[in-house]
Amino acid sequence: MSKLPILEGPETERASSPLNKAVDRRSFLRYTGATAVVGGLLLAGCGDDDDPKPTPPAAGLKTKFTKDDFGILNYAYALEQLEAAFYTKVVAEAASLFTAAELGLLSQIRDHEIIHREFFKRALGDNRIIDITVDYTANGDASLAVDFTSKASILKGARFFEDTGVQAYNGAGPYIQSADYLLLAGKIVSVEARHAALLRDLIAPNSFASKTAMGTVPAALTADGRDMSALPSAILPTALKFITQRAQLSSDLW
Amino acid sequence: MNLLNIFDSIAKADETFYDRIDSRRSIFKHMLSGGKKVSMAAAPFFLSSLLNKAYAGTSGVNETVLQVLQYAYRLEKFEEAFYRAALSGPTSTLPASVKNDVGLNEILANETSHVGLLAGAIGTANLPAADNYNFSKVYTDVFTNETTFFTVAMAIEDTGVRAYKGRAAELKVDPATLLIALNIHSVEARHASFLRRRRMGMTLAGSGWITGEETSVGGPGAGLYKAGNPAASFPSENNTTQGGISGLYAGNGIPVERYTEAFDEPLDKDTVLTAVAATFFV
């Protein structure tokens, strides 16, 4: 039986990472291993969702969003990488398009997204997916591409990333096995929602939590007042358009 | 045939299966408990007792889930009543610019929707008794002074975000209900973001996120952004340690305020209810 990669890291690294607290699957492997010693019961099988370990890329990082907590956290890590890179470029290259107050808030959002990205990077350690860069043409999809000479295009892109982030975290939430990671996702998703509300209001005032489309922004909420969560399988096809390394990535997520 | 595939098949049909039996891990603890070997011959009996444990007494809504829903319902009813009193109540002398504010009326409509969603999930028979409110009990000018109103409203929404976050894990046994709660939780955060800016006259002097314990805000912010009980599980909004990771960001030039803003913190039920009741309930 192969060990989960997380068991292979150095002890010090493991102790510092929340992902190295006992997770069900890790314990599952331990108990299974123990059973082989104790004997008596055949517990050799892993569940159907245990895919064979993919061939590691050169850097040793992952290229698949696996159907477990690691996969969900890597999914979040991918989205945070996109957001952090996006706002970094906005502040660095398009500052002149914004008022000082707007730029101040965009800079704060950039910092939040960098913090989220670095958090996942550290938490996942060697289990993280590859570093990704942003394809601002959205793989040639003109309805999603971002023009960094246009304030409207940048705000549209930012609003899209934030609302998508909220939908992604919420949609994945019920599939997170660990209560600790569910809480961490909750701590982040409400900040993404705060960002989304601001960006919506910059585009169309009072659209922060609207149940109908306002101006150029779509409805934020369902008719009964809920955020519109979506499964990874619904989010990823669009998100991957923004990921330059899309051809290397695959997903087993729900 | 092996047991794990059976368990996973059940879990595919019923996503809550592993939660019903505590966790996947507990199966193996169970099997190995007391050093007893579970033989293949005994496996059917083991499986049977496990399934009985998992599915015993599951008529209707899980008791814990019901309690969380009732808690959320009380908070949403309170929020709805607060905005209704502010925007159209007889004691409110807030200016027309506030009473007719499109965003505030949107928030009221959303709270009404949330009350309806939660009531539907709880069922009529289990709806909690109505609370009686006195919104001016502590902040006597909340409906006569615009600044006070927005400060209180902001604190109420931020507390709502903390309250949902504080109990989300208790809903893991019921994924469908958890999803509803998550989708309401983030709406509260959207409201809180708007109120932060609306409070500052939409000048963008207000941001949308919670900076530390918001000590500069005053009013209800003085308490509602602090740690709950136990503080290790419900940290203050100035917390910069996440998932056991601290000191991660030193030296990258990002100010500490951003770390406090980047993660919202949960708050426990007792702290929330005590604060809300002391300030607004009679």
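Is Asn206(A) buried, exposed or partly exposed? Asn206(A) is partly exposed, because 19 other C-beta atoms lie within 10 Å, and a residue counts as buried at 20 or more. The model is predicted.

Asn206(A) sits in the loop between helix 6 (179–203) and helix 7 (232–241) of chain A. Its phi is positive, although Asn206(A) is not a glycine. Glu214(B) is also a residue other than glycine with a positive phi. That residue belongs to the loop between helix 9 and helix 10 of chain B. Glu214(B) is buried.

| Residue | Phi | Other C-beta atoms within 10 Å |
|---|---|---|
| Asn206(A) | about 70° | 19 |
| Glu214(B) | near 55° | 23 |

Chain B has a cis peptide bond, running from Asn229(B) to Pro230(B). Omega there is near -5°. Pro230(B) lies in the loop between helix 10 (221–224) and helix 11 (256–262) of chain B.

**A helix pair in chain B**

Helix 8 (residues 146–167) and helix 9 (residues 175–199) of chain B have axes that come within 8 Å. The axes cross at roughly 155°. The two helices are therefore roughly antiparallel, since the angle is over 145 degrees. The crossing is left-handed.

On the helix 8 side of chain B, the contact includes Phe150(B), Met154(B), Val161(B) and Tyr164(B). Charged Glu157(B) and Asp158(B) also take part. Helix 9 of chain B contributes residues including Ile184(B), Glu188(B), Leu195(B) and Arg199(B). The contact residues divide into ten nonpolar, four polar and seven charged.

How values were computed: Residues are numbered from 1 along each chain as its sequence is written. Chains are lettered from A and ligands numbered from 1 in the order in which they are written. This is a predicted model: local features need pLDDT of at least 70, side-chain atom pairs count only at pLDDT 80 or more; totals for chains, interfaces and linings use all residues. Axes are lines fitted to C-alpha atoms, for helices over the stretch in contact, and angles run from 0 to 180 degrees between N-to-C directions. Helices (H or I, at least four residues) and strands (E, at least two) are DSSP runs, numbered from the N terminus. Angles under 35 degrees count as roughly parallel, over 145 as roughly antiparallel, 65 to 115 as roughly perpendicular and the rest as oblique. A crossing is left-handed if the near helix is turned anticlockwise from the far one by less than a right angle, and right-handed if clockwise. Two residues are in contact if their C-beta atoms, placed from the backbone, lie within 7 Å. A residue is buried if 20 or more other C-beta atoms lie within 10 Å of its own, exposed if 12 or fewer, and partly exposed in between; C-beta atoms are placed from the backbone.
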